[in-house]
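Come and read along as I look things up.

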Amino acid sequence: MADFGLHNYQQEVVERALKGENIIIWLPTGGGKTRAAVYVAKKHLETTPNAKVMVLVNKVHLVDQHYNKEFEPHLGGTFIIKKVSGENKEKDFFGLVVKQSQVVICTAQILYNALINKEEARHVELSDITLLIIDECHHTHKEEAYNKVMRLYVEKKLKGEKPLPQILGLTASPGTGGAKALEKAVEHVLEICANLDSVIVSAKEYASELKEVVPKPRKSFKIVKERLKDPFRDHLISMMNSIHSHMNLPPDFRLKECGTQEYEADVVNLEHRGVQEKNRLLAQCALHLRQYNDALLINDTLRMIDAYRSLEEYYSKKRTNPIDGTDTFLLELFEENQVELKNLAMDSRFDNPKMDELQSTLLQQFGSGVPSRAIIFSKTRKSTHCLKDWVLKNRALQEAGIKADILIGAGNGNTYMTQNGQAETIRNFRMGSLNLLISTSVAEEGLDIPECNLVVRYGLLTNEIAQQQASGRARAENSEYAVVAQAGGREDRRERMNEYLEELTGQAIDRVQTMTPQDFCTKVSVYTLPVLNTFHSPVVLTSPSILPCLQITQLQEMVVTCTKIEQRRQAEKRSRNTASSIQLLCRSCFTPVASGSDIKLVENMYVNVNPDFKKHYTFGDQLTLKRSFEDWEPGCTIGCKICSEKWGNEIKYKKCAILPNLAIKNFVLESPGQERLPVKKWKDVPFTVEEFNFKEYCQENFLLD
């Protein structure tokens, strides 16, 4: 394999795959999992009649990356390789693309859509594929697209349908699935193996070589003391207490400590309760309390002025259309305290010590005069923008030659980046015109980012998988992985717990790998049924204490059965109500504005086809998307005419049909019994949404024959 540039440890982990076995390759970030997979694909294509390799990724930007960096350079001269994502039109005739290609790289959702689509031009059969490579395969759980594909695979396997593709999974960390004890962590690893119908392999004989090629960075904890005084925080909490008193909290409800994730969960539940009980006072106060709690969380991590600006931006949009005394009280509370809040936010005596420690950490690396690259990982898109603003305005950091930019997820809307924007930022980072990336989790997993001298985790509460992915970015010689946190604080505790869980993951994998084939098939207990983690209301089969251990095949049979049961339940739930019996109310002012029968599905969007709906909304700004679509184009944003609550945006479909595209989270559903139901996603609505019939719509609205 020397001609392909593989290390001995890579050769070791692919041996079983070259024999046609289903395996999961476990190698750390930077260990060359993708290169090993390309080699397996090459040998598979050379030795398998009518071979067809499908490479699945879980993020759109990885389609181009795998194509450009690995598969095309190594296989393109010999084999026909295609890349397909939601960004290009090939998805609309994906079945034809697969027939004409030998290697296809796509997102998992595109393959799943093709597997269940019956149109000939779009349809693909699993039997069409001979090797299925699943990148970042630890995402094969719950309702992830990977798991939906693998459920179809397992169904065919259990029915004895052949041929089925060989499976090759790739992961840097399967994690423990939340388990903190070894036995439960072992069960989690076995669950992933069952979901992928594979065994897990790693470097054993050449483990020392792997450590040399991918050395671990030096880890440091940059611990700061809690602020002795924080009058800005104290003032925010006093305002929150005023809202608590005004809203008449239910006597059976106890809020957690302000400024915590637990408090946020409480006020989310309060808002739901207010909606269900038709209590606008409770619902609106809860929404505003969440904004204040967000400000407290920002204040804990970033600058006080960043926290203040988050509230200022929120209330600048609330100054129009107050519709009752609740709105007036909440707006006046902020306006009466606005000047005091701003003055406190600009008082340097109470600056966040974490920011000082972050500055010191950066200067220690960049002030040495040695050319360096660094990444700061932060929690939210908003925090990356705030940190960039801080770096650009910080004289000491600018004098040290730091050139920073943000790297965030791709998507639609002004707060996201385009794929081209991501690629340009990474290219600038690689070439040296940037030397500091301030990133969300998008840079933790998969992106081809140059070796860094310093990786900083800042204000993050994530699991051991994200920690391992981030640590793997510090691959330069003598690199450092730093954690900036408050002594005994949430980030400090979580990071130290993740260290333990990382070790536990390794122990669990070792335990699984040392099992005999018989043990491997019988050590999966009912406690790890993946299907039980999938459902909102788990199917209880019988008492766990009397259930015997199940073989993996038996487990897979159970998963398929329970999945079908849940699908039947969902169908029954949607059939309990007719679409016309459900009313859509504005989430903010509770005004009835539409019927469920007005809603149709088009291009994965839920639109209102009733022309009378237009009288209920006003227009906002023109929505600008950073990509174009074949059948539709975006129009203006829309909002409630009474309270200005945002509802979505208009689209122009096939150049003539103007359709409001609605976000269900901005509405509440009312059933015939006057029961109110807030839902986050359209798939959870208790009625069936029909497909949009363009011809019928034109006949009704344009008087066509």
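Below are my entries, grouped by topic.

**Ground rules**

I am working with a predicted model, in which local features need pLDDT of at least 70, side-chain atom pairs count only at pLDDT 80 or more, and totals for chains, interfaces and linings use all residues. I count residues from 1 along each chain as its sequence is written, and side-chain values use heavy atoms, with hydrogens and water left out.

I take helices (H or I, at least four residues) and strands (E, at least two) as DSSP runs, numbered from the N terminus.

**Entry: two helix pairs**

I started with helix 9 (residues 231–247) and helix 13 (residues 325–345), which pack at an angle of about 170 degrees with their axes 10 Å apart. For this I note that axes are lines fitted to C-alpha atoms, for helices over the stretch in contact, and that angles run from 0 to 180 degrees between N-to-C directions. The angle makes helix 9 roughly antiparallel to helix 13.

Which residues of helix 9 make the contact? I found P231, F232, H235, L236, M239, S242, I243 and H246 on the helix 9 side, and F329, L330, L333, F334, N337, E340, L341, L344 and A345 on the helix 13 side. Contact here means heavy atoms within 4.5 Å. Sorted by class, the contact of helix 9 with helix 13 has 12 nonpolar, four polar and one charged residues. In this sorting Ala, Val, Leu, Ile, Met, Phe, Trp, Tyr, Cys and Pro are nonpolar, Asp, Glu, Lys and Arg are charged, and the others, Gly among them, are polar.

Next I turned to helix 18 (residues 464–471) and helix 19 (residues 490–513), whose axes come within 9 Å and cross at roughly 90 degrees. Helix 18 is therefore roughly perpendicular to helix 19. I saw E464, Q467 and Q468 of helix 18 meeting E495, N498, E499, L501, E502 and T505 of helix 19. By class, I noted one nonpolar, four polar and four charged residues in the contact of helix 18 with helix 19.

**Entry: aromatic rings**

How many aromatic pairs does the structure hold? I noted 12 aromatic pairs. Rings of Phe, Tyr and Trp (its six-membered ring) pair if their centres lie within 6.5 Å; planes under 30 degrees apart are stacked, over 60 edge-to-face, and the rest tilted.

One of them joins W647 and F667, and this pair is tilted, at 5.2 Å centre to centre with 40 degrees between the planes. W647 is in strand 20 (residues 646–653) and F667 in strand 22 (residues 667–670), so the pair ties together parts 20 residues apart in sequence. W647 is buried at 0% relative accessibility, and F667 is buried at 1%. I use buried for under 20% relative accessible area, exposed for over 50%, and partly exposed in between (1.4 Å probe, protein chains only).

I also looked at Y653 and F692, whose ring centres are 5.7 Å apart and whose planes are at 80 degrees, so the pair is edge-to-face. Y653 lies in strand 20 and F692 in the loop between strand 24 (690–691) and helix 23 (694–702), so this pair ties together parts 39 residues apart in sequence. Y653 counts as buried at 8%, and so does F692 at 13%.

F613, Y617, F619, W647 and F667 form one aromatic cluster.

**Entry: charges over rings**

I found the charged end of R676 over the ring of F590, 4.7 Å from its centre. For this, NZ of Lys or CZ of Arg must be within 6 Å of the ring centre and within 35 degrees of the ring normal.

**Entry: single residues**

Is T361 buried or exposed? T361, in helix 14 (residues 353–366), is buried at 1% relative accessibility. Not counting residues up to four places away in sequence, T361 touches K222, L454, V456, A482 and V484.

I marked a cis peptide bond between K162 and P163, with omega about 0 degrees. P163 lies in the loop between helix 6 (145–159) and strand 6 (166–171).

E603 is not a glycine, yet has a positive phi of about 50 degrees. E603 sits in the loop between strand 16 (599–602) and strand 17 (605–608), and is partly exposed at 42% relative accessibility.

Terms used:
Angles under 35 degrees count as roughly parallel, over 145 as roughly antiparallel, 65 to 115 as roughly perpendicular and the rest as oblique.
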